[in-house]
Amino acid sequence: METYTFSVKTNKRTELIDVTKTIGNFVLNSSKTAGICIIYSPHTTTGIIINEAYDADAAFDINNFLDSLVPKKLNYRHCEGNSAAHIKSSIIGNSRIIPYSNNKLNLGRWEGIFLCEFDGPRQRNINLTFI
C-alpha cells in the first residue's frame with residue numbers, strides 16, 4: 001500500500017476542479033503497476049466526482065444544478081452559514097475508487113476526476129491510497 005497527499009487551492013465559493021492529471025502522475029510514478037486508487041477528500045464541504053472532462057460546460061452545468069438544488073440561503077440552523085456546502089458534500093460523497101493498470105488510471109475516454117469545492121475559496125487536500 002502507498003499513500004500520498006496533495007493540495008489544491010480553490011478560487012470560488014463553488015467550483016469543480018479537474019485533478020485528473022495530478023492523480024494520473026501519482027499513478028504513473030507508483031511502484032505498484034496495477035490495483036485500485038482510493039481518492040479521498042478529508043473535508044466536510046467538498047466532494048469527489050468522476051464525470052466528463054472533455055467539455056468544461058459539463059462541470060459548469062453540474063455545479064449550477066447543485067447550486068439550484070441546494071440553495072445557499074434557506075432556513076438552515078447550522079451556525080457557520082455553510083449548511084448548503086455540507087448538504088452538497090453529503091449528496092456527492094468525498095471519495096472514489098478507480099482501478100488502474102500499467103501505471104494508468106482505467107478511466108473512460110471522456111472521464112476526469114474532479115474536486116468539488118462547495119465552501120471556498122480554500123486550500124484543500126486530497127489523499128490517495130494505492131492498493
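A pocket is here an open set of points, on a 1 Å grid over the protein atoms alone, where a 1.4 Å probe fits, with protein on both sides within 12 Å along at least five of seven lines. Grid points are joined across faces, edges and corners, and a volume is the space filled by probe spheres set on the points. The model is predicted, with local features requiring pLDDT of at least 70 and side-chain atom pairs counted only at pLDDT 80 or more, whereas totals for chains, interfaces and linings use all residues. Residues are numbered from 1 along each chain as its sequence is written, and side-chain values use heavy atoms, with hydrogens and water left out.

The largest pocket has a volume of about 150 Å³. Its lining, made up of residues with an atom within 4 Å of a point, consists of Thr20, Gly24, Lys104, Leu105, Leu107, Gly108 and Glu111. Two or more of these residues come from each of helix H1 (20-28) and strand E6 (104-105); helices (H or I, at least four residues) and strands (E, at least two) are DSSP runs, numbered from the N terminus. By class, two lining residues are nonpolar, three polar and two charged. In this classification Ala, Val, Leu, Ile, Met, Phe, Trp, Tyr, Cys and Pro count as nonpolar, Asp, Glu, Lys and Arg as charged, and the others, Gly among them, as polar.

Five strands form an open sheet in the order E1-E8-E3-E5-E6, with antiparallel pairing; two strands pair if DSSP finds at least two bridges between them. Strand E1 (2-9) and strand E6 are the edge strands, each pairing on one side only. Within the sheet, strand E3 (residues 35-40) runs antiparallel to strand E8 (residues 123-130), and four bridges join the two. Tyr40 stands opposite Asn127 in E8.

A pair of aromatic rings is described by the distance of the centres and the angle of the planes. Rings of Phe, Tyr and Trp (its six-membered ring) pair if their centres lie within 6.5 Å; planes under 30 degrees apart count as stacked, over 60 as edge-to-face and the rest as tilted. The structure holds five aromatic pairs. In one of them, the ring centres of Tyr4 and Phe130 are 5.7 Å apart and the planes lie at 65°, so the arrangement is edge-to-face. Because Tyr4 lies in strand E1 and Phe130 in strand E8, this pair ties together parts that are 126 residues apart in sequence. Accessibility is classed as buried under 20% relative accessible area, exposed over 50% and partly exposed in between (1.4 Å probe, protein chains only). Tyr4 is accordingly partly exposed at 28%, while Phe130 is buried at 0%.

The pair of Phe6 and Phe26 is stacked, since the ring centres are 5.6 Å apart and the planes lie at 25°. Distant parts of the chain are again linked, with Phe6 in strand E1 and Phe26 in helix H1, 20 residues apart. Phe6 has a relative accessible area of 9% and is therefore buried, whereas Phe26, at 22%, is partly exposed. Ring pairs join Tyr4, Phe6, Phe26, Tyr100 and Phe130 into a cluster.

Zero disulfides are present, a disulfide being a pair of cysteine sulfur atoms within 2.5 Å. Cys37 takes part in none, and the nearest cysteine sulfur, that of Cys116, is 16 Å away. Cys37 is buried at 0% relative accessibility, in contrast to Cys79, which is exposed with a relative accessible area of 76%.

Several features of the backbone were also identified. The peptide bond from Gly120 to Pro121 is cis, with omega near -5°, and Pro121 is placed in the loop between strand E7 (111-117) and E8. In the loop between strand E5 (95-101) and E6, Asn102 has a positive phi of about 50° although it is not a glycine. Asn103, in the loop between E5 and E6, likewise has a positive phi, near 55°, in a residue other than glycine. Asn102 is exposed, with a relative accessible area of 69%, but Asn103 is buried, at 16%.

Helix H2 (residues 56-69) contains Ile62, which is partly exposed at 22% relative accessibility. Ile62 and Asn51 are separated by eleven residues in sequence and by 9.5 Å in space, C-alpha to C-alpha.
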